[in-house]
Number of protein chains: 2
Amino acid sequence: MAAQEFIKGTIKTLVLKLLSEKRKMYGYEISSKVKELSNEEIQLTYGALYPILYKMESEGLLSAESELVDNRARKYYSLTKKGNEMAKVKVSELEQFIDTVKGILLAPKRSFEIWGR
Amino acid sequence: MAAQEFIKGTIKTLVLKLLSEKRKMYGYEISSKVKELSNEEIQLTYGALYPILYKMESEGLLSAESELVDNRARKYYSLTKKGNEMAKVKVSELEQFIDTVKGILLAPKRSFEIWGR
DNA sequence: TATGTATATTTAATTTTCTTATATATATAA
DNA sequence: TTATATATATAAGAAAATTAAATATACATA
């Protein structure tokens, strides 16, 4: 998946976004959801995702509660108030970044008048 | 600059894009151009940029030629044939990634019917 | 019953990537 | 002569992600 190269730096923001849409989610679910929403393009690997979830919890952005579902352990995460505010900020920053990069990528051939000479 | 967080993984593609628009550019120029095109939002630091340029050269994506301009040394980089092909691939991949992420970020509140209950 | 697949989390070792800092050198304006 | 801009190089360290392995349950199927 080519997307894996570009995902770097955006995982935290994607987690914040998904959790701002759903009251609580667990790690495996977050990874599956991103995979689904991206048409299998983006795969949040567990080795990256879980440590990020712990870090966000330690930063006070997420709260966690363990549950036993079908006899299997699940750890649900929810946004704290701070996490909710951070979600707005980070999502907006990522949107702006995306628009900026898109502007660079899709711009009309800026310099062709110069180097076409 | 918030963009610094998201730039990870995209620098190489931005370099390929700029060099596909202009026959030759030098490191300082690439950094300045990205800064300008992004309205000062994206700053390609030299500590990141120069090693990437060397790596791309060693991978056969770029060719380099040193020049003395105004008695100051400059190292111009150009896309090789391989670099030109890679530029098309990477730019297209980044565009797709961006659309995918934008789809996740801007989607209508998918789950509000669920967690609003 | 054994085997494989899906679900679910944890974490260590390694690698990749970027930041920060420093060094060097010239040109130019104040 | 001091500061700012131009221009490259590179080392040390931090941050982030990959890869891999371990653990455990549920369920379908051969």
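Predicted model: local features only at pLDDT ≥ 70, side-chain atom pairs only at ≥ 80, totals over all residues.

I then followed the hairpin of β2(A) and β3(A), which has 2 residues between the strands. Which phi does A:Asp70 take there? A positive one, near 55°.

On β1(A), residues 25-26, I found antiparallel pairing with β3(A), residues 72-79, over 2 bridges. A:Met25 has A:Tyr77 as its bridge partner in β3(A).

**Over to chain B**

I checked the strand order here and got β1-β3-β2, an open sheet of 3 strands with antiparallel pairing. β1 (25-26) and β2 (62-69) of chain B are at the edges with a single partner strand each, so one side of each has no neighbour in the sheet. Between β2(B) and β3(B) I noted 8 bridges in the antiparallel sense. B:Leu62 sits opposite B:Leu79 of β3(B).

**How the copies relate**

I superposed chain B on chain A: a rotation of 180° with 0.0 Å of shift along the axis does it, at an RMSD of 0.1 Å. That is how a two-fold axis relates copies. Which C-alpha of chain B is nearest the axis? That of B:Lys8, 2.8 Å from it.

**Where the chains meet**

I looked up the contact next, and it takes 34 residues from chain B and 33 residues from chain A. On the side of chain B that touches chain A, the elements giving two or more residues are α1 (3-6), α2 (11-21), α5 (81-106) and α6 (112-115). α5(B) gives the most, with 12 residues. By class, I wrote down 16 nonpolar, 6 polar and 12 charged residues for that side of chain B. Of the interface residues of chain B, 97% are also interface residues in chain A, so the copies meet through the same surface.

**Around the DNA**

My last stop was DNA strand D, which 24 residues surround. The closest come from both chains: A:Gly47, A:Asn71, B:Tyr26, B:Gly27 and B:Tyr28. Which elements each supply at least two residues of the surface near strand D? I listed α4 (46-58) of chain A, and α3 (27-37), α4 (46-58) and β3 (72-79) of chain B. That surface has 11 nonpolar, 7 polar and 6 charged residues.

Key:
Residues numbered from 1 in each chain as written. Chains lettered and ligands numbered in written order. Least-squares fit on C-alpha atoms with pLDDT ≥ 70 in both. Contact = placed C-beta atoms within 7 Å. Near = placed C-beta within 6 Å. Helix = DSSP H or I, 4+ residues; strand = E, 2+ residues; numbered from the N terminus. Nonpolar A, V, L, I, M, F, W, Y, C, P; charged D, E, K, R; others polar. Pairing = 2+ DSSP bridges.
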